[in-house]
Amino acid sequence: MKTRRLVLAALLTAAAPLPASAFDLGNLTNQLSGALGTAQAPAQQAAQPHSGGGDSSGATNAAIAALSSGEVDQGLKTALSRGADIAVKELGRENGFYGNAKWRIPLPPAIEKASGLMRMAGLGAQADQLDLAINRAAEAAVPEAKTLLVNAVKTMSVQDAKGILTGGDEAATDYFKRKTEAPLTQKFLPIVTRATDQVGLAQTYNRFAGQAAQFGLVKADQASIQSYVTQQALDRLYQAIGEQEKAIRADPVGTGSKLLGKVFGAALGQ
């Protein structure tokens, strides 16, 4: 009984949530920030003399000025769509979370802290079962994100594109979150619930964590297994999209897309 009380007490312990990662647009933001605004008179800008006698910055500015607003807009949409598609495929498959140490969702902090005591009490198998269940739940939920992410990109206006290019390192992540986080939460929750309802430890956790949350002892997004897994899955999904975007920006020609090569290549002075 003493061991059981220790386990239940540990379940009431609060812990800090994992941070969500954001897009890092880096030099792309600075180099393309004026592209949409300057595209109205590309010939005039390209003809203007540049200081420095033909240095790389002058070539880059001329390449950017030669882009039309449509090319910049479509190039950004293509990049974000490609990044979202690859991220969903990477995570939304068997072992996309569970079999990858980078993306694997850990047990809720309260259970993680109590895991040693649980194993001493012969409850280790329950912890392992829940560990598998929460990651399988995330793997099953992520494919539901594809349609919403693609629609968010398709409906992106020229003003949205300009805001992403000029809004700083987190502008693209903020855009995706603003457009998709609320509806994705609603899509993920029932899938996660079905995957975890059969795990007894999940029900125990929900009972005690829910009570602890009322007293501020557990963060709101950890008050139930369902909310915890949903938020963790979304955080990792946005992080994965951000990493794909950075890879595309670093090597646009390598994507095999002429449009991406032209738009992002202009920003790189290629």
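View 1. Q226 has its place in helix α13, which spans residues 225-250; helices here are DSSP runs of H or I with at least four residues, strands are runs of E with at least two, and both are numbered from the N terminus. This is a predicted model, in which local features need pLDDT of at least 70, side-chain atom pairs count only at pLDDT 80 or more, and totals for chains, interfaces and linings use all residues. Residues are numbered from 1 along each chain as its sequence is written, and side-chain values use heavy atoms, with hydrogens and water left out. Q226 counts as buried because its relative accessibility is 11%; buried means under 20% relative accessible area, exposed over 50%, and partly exposed in between, with a 1.4 Å probe and protein chains only. Apart from neighbours within four places in sequence, Q226 is in contact (heavy atoms within 4.5 Å) with L189, V192, T193, T196, D197 and N206.

View 2. Within α9 (residues 145-154), the buried residues include A145, L148, L149, A152 and V153. They lie on the same side of α9, because they cover an arc of only 135 degrees around the axis, taken from the directions from the helix axis to the C-beta atoms. An α-helix has 3.6 residues a turn, so residues three or four places apart point the same way. On the face turned away from the buried side of α9 you will find the exposed residues T147 and K154.

**View 3. Helices α7 and α8 meeting.** Here α7 (residues 109-120) and α8 (residues 124-141) have axes that come within 8 Å and cross at roughly 145 degrees. The axes are lines fitted to C-alpha atoms, for helices over the stretch in contact, and angles run from 0 to 180 degrees between N-to-C directions. From α7, I111, M118 and R119 meet G124, A127, D128 and L130 of α8. The residues of this contact divide into four nonpolar, one polar and two charged; Ala, Val, Leu, Ile, Met, Phe, Trp, Tyr, Cys and Pro count as nonpolar, Asp, Glu, Lys and Arg as charged, and the others, Gly among them, as polar.

**View 4. D73 in helix α6.** D73 lies in α6, residues 69-91, and is buried, with a relative accessible area of 10%. D73 and K162 are 89 residues apart in sequence, yet 8.2 Å apart in space, C-alpha to C-alpha.
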